[in-house]
Amino acid sequence: MLTGTQVKDVIIKPDAPSTLLLEKHADYIAAYGSKKDDYEYTLSEYLRMSGIYWGLTVMDLMGELPRMNQQEIVDFIKACQHECGGISASIGHDPHLLYTLSAVQILCLYDSVDAIDVDKVVDPFHTLFGVAGLSLLGDEQIKPVNPVLCMPEDVLQRIGLQPDLLS
Amino acid sequence: QHGRVKIKTTAQQEEEKRKEREKKLKIYVAARDACFSKRNEGIWDDEALQLTQQLLSSNPDFATLWNYRREILMHLETVKDKDEVQKIYEAELSFTESCLKVNPKSYGSWHHRGWVSARLPRPDWARELTLCDRCLSLDDRNFHCWDYRRMVVKMSGVPVDQELAFTDRLIGSNFSNYSSWHYRSTLLPLLHPESPDPPPHLLLKPIPIGSLVQNAFFTDPNDQSAWFYYRWLLGRAEREEMISCVYVNRDEERVAVAFSRPVNSVGLFLVLDGQPQRVEWRSVHPRFKQSPVWICNLPPGTISDITNERNLTVHWTEKHTHRDCALYTGRTESWCRDSATDQELFRSELSVEKTSVLQSELQSVKQLQELEPLNKWCLLTIILLMRALDPLGYEQEMLAHFRTLKEVDSMRSAYYSDLCSKFMIENTILKMEYAEVRVFSISDKNLTTLCHLDQLLLVTHINLSSNHLQRLPPQFAMLQCLEVLEADNNAIENLEGVYHLPKLEEVLLKNNSILKLVVYLQTLASCPKLKRLDLRGNPVTQTANVESELAELLPSVTDLLL
C-alpha cells in the first residue's frame, strides 16, 4: 500500500489552549543560559553561538531582550573571534561561517557591530550566509537583509512580510 | 530479611540518575578538554585519534573535532606509505559508517566521509553508491545522502541516463518520493544542455512527458510529490531582466522607469539628447530601498518647452541595457513599453507542438478529476494548465474551478482567493493591453489582494469597486499616472500606498473600513492635485471634528463627501 506524501491537516480541538504563554517562554529562555551543568547543554556547545542568536531573537520579538546579559554575550563573541577574522560557536572551537553569521546577527540586534574586528570578518565566502553577513556589515553593493528573518528586504517587501518588531 | 529485593524510592532513583548524568558529563568534559589541549600543543598522535573517536561517536556534530581529526590524518599521509594510508582511510570509512548509524543526518559525518573518499589511494565508488542505496532505502528523503550520491556520481563519472534509470526504479517502486522527483528534475536538463528556455524536456517529443508522472498521480492522486514535479514540468524559465517601461512627463518634468524585478538605483543613468543628466532617483515609497519603479525629476525648464522634441535614454549599467523614449513636439507625455505579452509576463510563447502536448495533458488531468472530484491537486493543476494554454479563453472555467477548490480544500481558501485574485489581475492587464487603453477596471471580482502593480505605471483610471480588499499597500504608489481611484465597497482600512501620486484628483472610498484617518492624512496630503475625496460609509465619519480636521489638513480638497 503506497502511503504517499499526504497533506496532513491537523484539526485543532475546541478546548486547545488559545493563549500564547509568552511569560513562560521568556522565563525558559532567560534561564536556559545557566544550565552549564547539563549534559545535553554541554553537548550542544558546538552550536552555542547560533543557540544564543535564536534565543535573543525570540526575546526581542517578545520585547524581553533586556533580560539577557548583553555585556556577557558581547564579551563571549569577542572571545570567539579568531585571527583569520572568522568566529567560532564557542570558546576553543574552530571558526565557521554559520557562527560568524550568528555572531554578526547578535551584534546587529545590540547595535554593537564594532565590538569585533569588522574588516577581518569580511571574508570571501560567497554563500548566501556570507553575503547576508556582508550586507548586515554595511556593504553597499549587496541588497539590504533583514537581520531577524535573515532574508533580503526586497523579497520580504514583495511577499508583504515586514514584521513590526516590538522593541 | 534475607532474599528480599530492596525497592528504591523515587527520590533515590532520581538521585542515582543525577549522579550518573554528572559522571557522564565529567567524562565528556575531560575528554573534550584533553582534545583541545593536545591540539593547542600541536600533537597529532594515536591518542588524539582515540579521544576524538570517543567523542565523535556520541556527538558527531562536534565539527571542530572532525577538523582536528583531518589534521592528524593529513599528517599521517606524510609519514606512512600508500598501503598504510589506504588501510587508515578504510578504517576511517567504517568509523564514519558507525557514526552515520547513530545519526544518519550529521553534516560532520557525511562531510568527513566525502573528504576521505576523495583522498583514498584506491577509492571504491561502487561501494559508495551501494551505501547510498542502503541509506536511501531507509530514508529516501535524507538530503545528506542525496548530496553525497551526487558527489559520488560526479567523481566516478556515472552517466546521466544511468542515474535517470535509477530514479525510474525508485519512483516506480514508490511514487511518494519527493527527492527522487527532484533529482530527476536536475538530470533531465543535463541530457540536453544546449537547449534554450523554455525547459527542454517539454520539447522532447519521443518521450511522452507525462508517462511516469501521470502514472504516479493516477495511482495515488493524494501524493504531493508527483504533482509538484508535474508543476515543474509545466514551468517556465526565469524572465529576462530588463527595463520594461520608461515614462516621461513635461508638466512635472518627471521620468519614471519600471523594471522586470525590484532593483536599487545604483547604475541607473539618464541621458537627454546625448547629454548625461545629474538626477536623483527615488523609489515610489520611502519603505523601499529596492523597487521595480524608480522616479526622478529633471531640473526645471529642461523639458517643459512643448515645441521641442527630446530624446531620452535610460541606462541600466548593471545589466548593460538601456531604453530609449522620444518625447515628441506638442505632446505633454510619452512612454515606451513592452506589453505583458511581449515580456511573456504571464505565460510563455507556445509552439504548436507544445500547445498540443499541454492540451493532451489537460485532457488527462480532467479525466482524473472526473474520477476524483474531491482531489485538490487535480483542480489546481487544471487551472495551471489552462493558464499556460489560454488565460483569457479559460477565464470562466478557471473561476468555476476555484469555487470548487475552495469547497474541497476550505482550509486553504484564503490562499486560493489570493491566487485567483492574482490571475484575474493578470487577465485584466491583458485585456487592457489588447484594448490599448489606460483604464484598469476590475470590479466585483472577489479580489482579496493586489499584485503586479508595477505593470500599472501608465494607468490613469483604476476601478477596484466591490471587492474584498483590505489595504492599498505601499506598492500602490507605483501608479504614477493615476488620476482617478475608485475603490468603493471594499474593506479598506489602510491607505499607505496613496502616496505622492502627482496627478491624482479623485479618491472614491465609499463603504470601506477606514477608521484611523489621521495616520493617512500625511499620505493623502502628498497628492497635490487631490480635489475630490469620498469617505461616506466609513467608520471615520463618526469621529468628532473629522470634517474640520480634513478641511484644515487637505485644503486643496474642494469636494469632500462624508
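Predicted model: local features only at pLDDT ≥ 70, side-chain atom pairs only at ≥ 80, totals over all residues.
**Ground rules.** I number residues from 1 along each chain as its sequence is written, and chains are lettered from A in the order in which they are written. Local features need pLDDT of at least 70 and side-chain atom pairs count only at pLDDT 80 or more, while totals for chains, interfaces and linings use all residues, and side-chain values use heavy atoms, without hydrogens or water.

**Entry 1, chain B against chain A.** I looked up the contact (heavy atoms within 4.5 Å) and found that chain B brings 34 residues to it and chain A 25 residues. Three salt bridges (a side-chain nitrogen of Lys or Arg within 4 Å of a carboxyl oxygen of Asp or Glu) are counted between chain B and chain A. One that I looked up pairs B:R39 with A:D94, with 2.6 Å between the closest N and O atoms.

Among the helices (DSSP runs of H or I, at least four residues) that give two or more residues to the side touching chain A are α3 (63-79) and α13 (376-389) of chain B, but α1(B) gives the most, with seven residues.

On α2(B) the contact is made by B:Q53, B:L56 and B:S57, and on α4(B) by B:F95, B:C99 and B:V102.
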